[in-house]
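Let's take a walk through this model together. Have the sequence and the 3D view open side by side, and follow along.

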Amino acid sequence: MNKFEIKSQNTKRALVNAFWELTREKELHKIKIKDVTDRAGVYRSTFYLHFVDILDLLEQEEDLLVEKWQTRAVHVPDLSSSNELFLTLSNYYIENGDKVFTLLNNRAYSKYEEKMKDSIRKMIYSQYAPANVTSFDYSFEFYIDGIIGSLCKWHSEGQTENVNIVIAQMLNLIQHGIGNAYWKTDTSPSRLGDTGAHC
């Protein structure tokens with residue numbers, strides 16, 4: 001790699017870093033090219049050597065994050081296993097935390113979640129061919145949304161809970177239902193008699 005290529009890579013990295021810094025201060029759709037170039041200390045014309053616009057920068061970063069997931073997940077023997085998928089995703093989110101959760105919290109503007117789901121779905125298809133694809137897709141959406149939602153909550157609360165405990169809770173929920181998973185005593189309305197109000 002020659003000096004020009006090294007300088008070009010460093011400039012692009014500076015623009016990307018500036019973009020991610022700005023995401024901590026502004027909503028994605030409010031970040032402008034001028035914001036990024038001012039933060040990176042480069043001319044606007046330099047930005048266009050690397051990106052078409054902010055959306056192009058965002059999409060390139062989304063694709064890089066999905067590639068990182070695929071690189072990690074390809075070594076997992078069975079992604080259809082709840083434990084394997086949850087653990088692999090949680091480790092990936094720890095590694096790429098702020099970027100991933102910034103994108104997940106900007107679903108209206110970012111296609112990251114859609115790209116991730118598509119990648120996970122294809123990987124599971126490659127390991128486990130479902131007999132009924134339509135039925136599988138509904139189950140997959142329920143399943144993966146639960147995992148992503150749980151990890152988002154875990155991250156937003158500072159990752160204070162041990163991730164293995166979170167995984168165990170989710171697996172318990174999947175296997176036994178919310179009542180059996182969380183009611184410590186036999187106090188559910190269905191067991192005590194229906195004394196609650198009805199809609």
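Start with Arg-121, which sits in helix α6, residues 112–127 (helices are DSSP runs of H or I, at least four residues, and strands are runs of E, at least two, numbered from the N terminus). Arg-121 counts as buried because its relative accessibility is 16%; buried means under 20% relative accessible area, exposed over 50%, and partly exposed in between, with a 1.4 Å probe and protein chains only. Setting aside neighbours within four places in sequence, Arg-121 is in contact with Phe-136, Asp-137, Phe-140 and Glu-141, where contact means heavy atoms within 4.5 Å. Leu-79 is 42 residues away from Arg-121 in sequence, yet their C-alpha atoms are 9.5 Å apart.

A word on what you're looking at: this is a predicted model, in which local features need pLDDT of at least 70 and side-chain atom pairs count only at pLDDT 80 or more, while totals for chains, interfaces and linings use all residues. Residues are numbered from 1 along each chain as its sequence is written, and side-chain values use heavy atoms, with hydrogens and water left out.

Now zoom out. Of its 199 residues, 37% count as buried. Among contacts between residues at least 6 apart in sequence, 58% join residues at least 24 apart. The chain exposes about 12400 Å², with carbon and sulfur atoms supplying 53% of that; these areas come from the Shrake-Rupley method with a 1.4 Å probe, and for residues only the protein chains shown count as cover.

Next, the core. The largest nonpolar core has 49 residues, and Trp-69, Leu-89, Tyr-93 and Tyr-112 have the most contacts inside it. Such a core is a set of buried Ala, Val, Leu, Ile, Met, Phe, Trp, Tyr and Cys residues joined through side-chain atoms within 4.5 Å. The elements giving two or more residues to this core are α1 (3–23), α2 (33–40), α4 (54–73), α5, α6, α7 (133–156) and α8 (163–182). Pick out Tyr-93: not counting residues up to four places away in sequence, Tyr-93 touches Val-100, Phe-101, Leu-104, Tyr-112, Met-116, Ile-148 and Leu-151.

What about the rings? A search of the whole structure finds eight aromatic pairs. Rings of Phe, Tyr and Trp (its six-membered ring) pair if their centres lie within 6.5 Å; planes under 30 degrees apart are stacked, over 60 edge-to-face, and the rest tilted. Phe-19 and Trp-20 are edge-to-face because their planes stand at 70 degrees, with ring centres 5.2 Å apart. Tyr-92 and Tyr-93 make a tilted pair, 5.3 Å centre to centre and 45 degrees between the planes. Both of those tyrosines are buried, and together with Trp-69 and Phe-101 they form one aromatic cluster.

Helix α5 deserves a look of its own. Where does α5 bend? The bend is at Asn-96, by about 100 degrees, taken as the angle between axes fitted to the seven residues ending there and the seven starting there. Helix α5 (residues 82–104) spans only 21 Å between its end C-alpha atoms, whereas a straight helix of 23 residues would span 33 Å at 1.5 Å a residue (the expected span is 1.5 Å times one less than the number of residues).

Finish at Thr-46, in helix α3, residues 44–47. Thr-46 is buried because its relative accessible area is 18%. Leaving aside neighbours within four places, Thr-46 is in contact with Thr-11 and Leu-15.
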